[in-house]
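Open the model in your viewer and get your selection tool ready. We will walk through a few salt bridges and then step back to the domains.

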Amino acid sequence: MSIKLLTGLVLSGSLLIGSNAALADDCRYRGVLDDKFCDENYDLVADLPKDSSQWSDPSTLVFTYTPVEDPAVYKDAFSDFQKYLSDVTGKKVVYYTVHSNAAEVEALRSGRLHIAGFSTGPTGYAVNLGGLVPIAVKGTEEAFQGYNLVTIVRKDSNIMKMTDLKGKVVAHTSASSNSGNLAPRAIFPALGLTPDKDYEVKYSGKHDQSVMGVLSGDYDAAPVASDVLKRMVDAKRVDKEDFRIIYTSPRFPTSSFGYAYDLNPELVEKIKHAFFTFRFPADMQKTFGGADRFFPITYKEDWQVIRDIAHASGTAYTKTGLKQLAEADAAKAAADKRKKEAASKAQ
């Protein structure tokens, strides 16, 4: 898909059209939420519409998970949960594959997506612009599953500490990624290293592509999510011994799961029941690093550290920010297409 086409789709989408003044007339407070939403209970997520005629109660529930990695893998991983969700709600549940964070937010906002998992960084866009109400993170009985930002280099590299990255080429994943971009921009300066100033940033598009790029020598280093690296090692896609970790951050929450703000509250209660009573089968536990359930969270409390990082890095969860994200996604998609075409011609 070309940069022009994808950008055009976002520009023509509801994220970038004027707000509906009628919906905003009786809203006493919305904080940083988009004008489409209200937050009169100050929990930082969109309130249920006051007018029950605006509540949504679809016959088919549409579910998806973050597109940061191969969507097909996660479609299979969540198949048991989708069946359970269907049994509990009494509704058909289908998986909707999305290929970018911007597209996932737009699908939620437009009413085409009802329940979704968003990766850590884009959760803020989903809340402020899409009306996501996060309720859970993968976890265990004791706590939610977290991850660290780790900076990796090749084992045979002469890079031993963060300041050795000065003048090097470092892979960030995508503009909205927490561990792959936002956290490095917020944290690294205190370590004596400023992205784009002290080293050249190249966007890989995905955590696994950053890992593979370091392995192949395309990048000197990469900040990536520790859980993604672990899954790649466990799946034997890479050998842990081929890398050295030169930095490990404090722990962050993993992807959030939530529902669209305007769903009928009776349906919401069934959705919550499905999330909090479902137990991951063995294959799903293996896919998600030992997590065996959905652990309850709130956006206000558990995403505070992520919002702080976004603020420190100058990232705003606004329409303009998402438009820039869509343009970056489009540029990456176009570059990937050119690379594939060139490889095909070379064969």
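Start by selecting aspartate 234 and lysine 230: both sit in helix 9, four residues apart, or about one turn of the helix (helices are DSSP runs of H or I with at least four residues, strands are E runs of at least two, each numbered from the N terminus). Their side chains meet in a salt bridge at 2.8 Å, N to O (a Lys or Arg side-chain nitrogen within 4 Å of an Asp or Glu carboxyl oxygen). Aspartate 234 is partly exposed at 45% relative accessibility, and lysine 230 is partly exposed at 43% (buried is under 20%, exposed over 50%, partly exposed in between, with a 1.4 Å probe and protein chains only).

A note on what you are viewing: this is a predicted model, where local features need pLDDT of at least 70 and side-chain atom pairs pLDDT 80 or more, while totals for chains, interfaces and linings use all residues. Residues are numbered from 1 along each chain as its sequence is written, and side-chain values use heavy atoms, leaving out hydrogens and water.

Next, select arginine 237 and aspartate 208, whose closest N and O atoms are 3.6 Å apart in a salt bridge. Arginine 237 lies in the loop between helix 9 and strand 9 and aspartate 208 in helix 8, so the pair ties together parts 29 residues apart in sequence. Is aspartate 208 buried or exposed? Aspartate 208 is buried, at 10% relative accessible area.

Finally, colour domain 1 (52-145 + 253-340) and domain 2 (149-249), with bounds from an automatic or database domain assignment. Between domain 1 and domain 2 you will find zero salt bridges.
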